[in-house]
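Have the model open as you read.

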Amino acid sequence: MEIHSRDADDPTAPWTRNAVGVLAPARPHEAVALAEDATAWPPADATPIPVETLYEELAGQGYDYGPMFRCVRRAWRHDGAVLGEIALPEEALDAGEYGIHPALLDSALHLTDFLNGDGPADGDQETRIPFAWTGTSLRTAGAAALRVRVRSTGNGGVSLEIADRNGEPVATVGSLALRPVTAQQLGGSALPLYRVEWRPLPGSDGTGPAAGPAVPATVTLAEWEKTRDGGAVPEVVTLSVASTGEDATVPVRVRGSVHEVLAAMRAWLDDDRCASSRLVVVTRGAVSVDASDRSIDLGAAPVWGAVRAAQAENPGRFSIIDTDGSPASLRALPAAAALDEPEIALRDGVVRVPRLVRTTTPTATGEPAVEWPTTGTVLVTGGTGLLGSQLARHLVTEHGVRHLLLTSRRGPDSPG
């Protein structure tokens, strides 16, 4: 089995192989051995390992985990292995949606630091990442709390045996190879850099999206509200937003446009009839697509942030389109609103969508190189960790920065 990927917008792009694997029947004795070994938990002669400061110490290595990924509750040493109990925080309600919740699987690997010495407290500053999984099997899904046994397999690898809180087998990993990665490898110029670029959507041209399936009827929110008690909700409803009054101050314009959109989105979500329809917010000149967009409407730009937040909380219910106001873009608007794209920019009738594109250096894209201030102060959030400290060193040695302020960082829900 192989997993390949390529640029969705370029059918001629080469395929990149991301992973290779082999599926085979599980060996039944693995499950029996794990279940029998878990009948007494923890073993009477197991030695407790303090874990109260584990995540503060891991942050010093560059692993800055948010609360959702801080799942290690207790740990012990026994017979050359590390035993641990890991559990999702109470606010995590989605364990049943996964074979093993990603936060639990990641937290099982947090125990590997205790296989040699006292864990991160020993001062080990080497960052290691998972490289090759061998002999991996899953037997039970949806657990919110797990027991884990981690052993060294030689050559820097580990094996994992995972059970639920009652000792019933959940998963095994025969061998996981871990490879060290240096700060230079993570932050050096050899690694590709990515940036957001607004690319023309394949099939669109100067008159808008290419002809395809029939475009569903699109009405404005104002038009629909006049008859909202008289029938079904159209598949697509649009709301055009313009910042209030050119003579008003920017804060006043922002308040007016954002409040208008928030009120409309709340009403949309409160109406059960809208559950199968989509509200498309339309702005004009609120985002910069390329160098030709020399200025943006600061009064309408924050609307994009409000809609993005609503999209994250309510997938598929909202999308947003920015136009340049040209006749071609106005003609293309109904077809663009029907597209399954969360964000669109219409420029001269051409549909543009944001995509991550690879670039090696700023000059490769024609952009000026970043100039760091040598007299002011540069703030590095997360600068007290391993990677942050390496970045600070790079700014001093390569860019001549002389004043830095380093702060620690705690991500909300994910590893940083």
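Arginine 199 is partly exposed, with a relative accessible area of 25% (partly exposed falls between buried, under 20% relative accessible area, and exposed, over 50%, using a 1.4 Å probe and protein chains only). Its salt-bridge partner is glutamate 197, at 3.2 Å from N to O, where a salt bridge means a side-chain nitrogen of Lys or Arg within 4 Å of a carboxyl oxygen of Asp or Glu. This is a predicted model, so local features need pLDDT of at least 70 and side-chain atom pairs count only at pLDDT 80 or more, while totals for chains, interfaces and linings use all residues. Residues are numbered from 1 along each chain as its sequence is written, and side-chain values use heavy atoms, leaving out hydrogens and water.

**Overall count**
- The structure has 14 salt bridges.

**Glutamate 197**
- Glutamate 197 is partly exposed too, at 26% relative accessible area.

**Aspartate 271 and arginine 273**
- These two side chains pair up in a salt bridge at 3.0 Å, N to O.
- Aspartate 271 counts as buried at 12%, whereas arginine 273 is partly exposed at 37%.

**Arginine 308 and glutamate 343**
- Arginine 308 bridges to glutamate 343, with the closest N and O atoms 2.7 Å apart.
- Arginine 308 sits in helix α7 (residues 301-313) and glutamate 343 in strand β17 (residues 343-347), so the pair ties together parts 35 residues apart in sequence; helices (H or I, at least four residues) and strands (E, at least two) are DSSP runs numbered from the N terminus.
- Arginine 308 is partly exposed at 39%, but glutamate 343 is buried at 13%.
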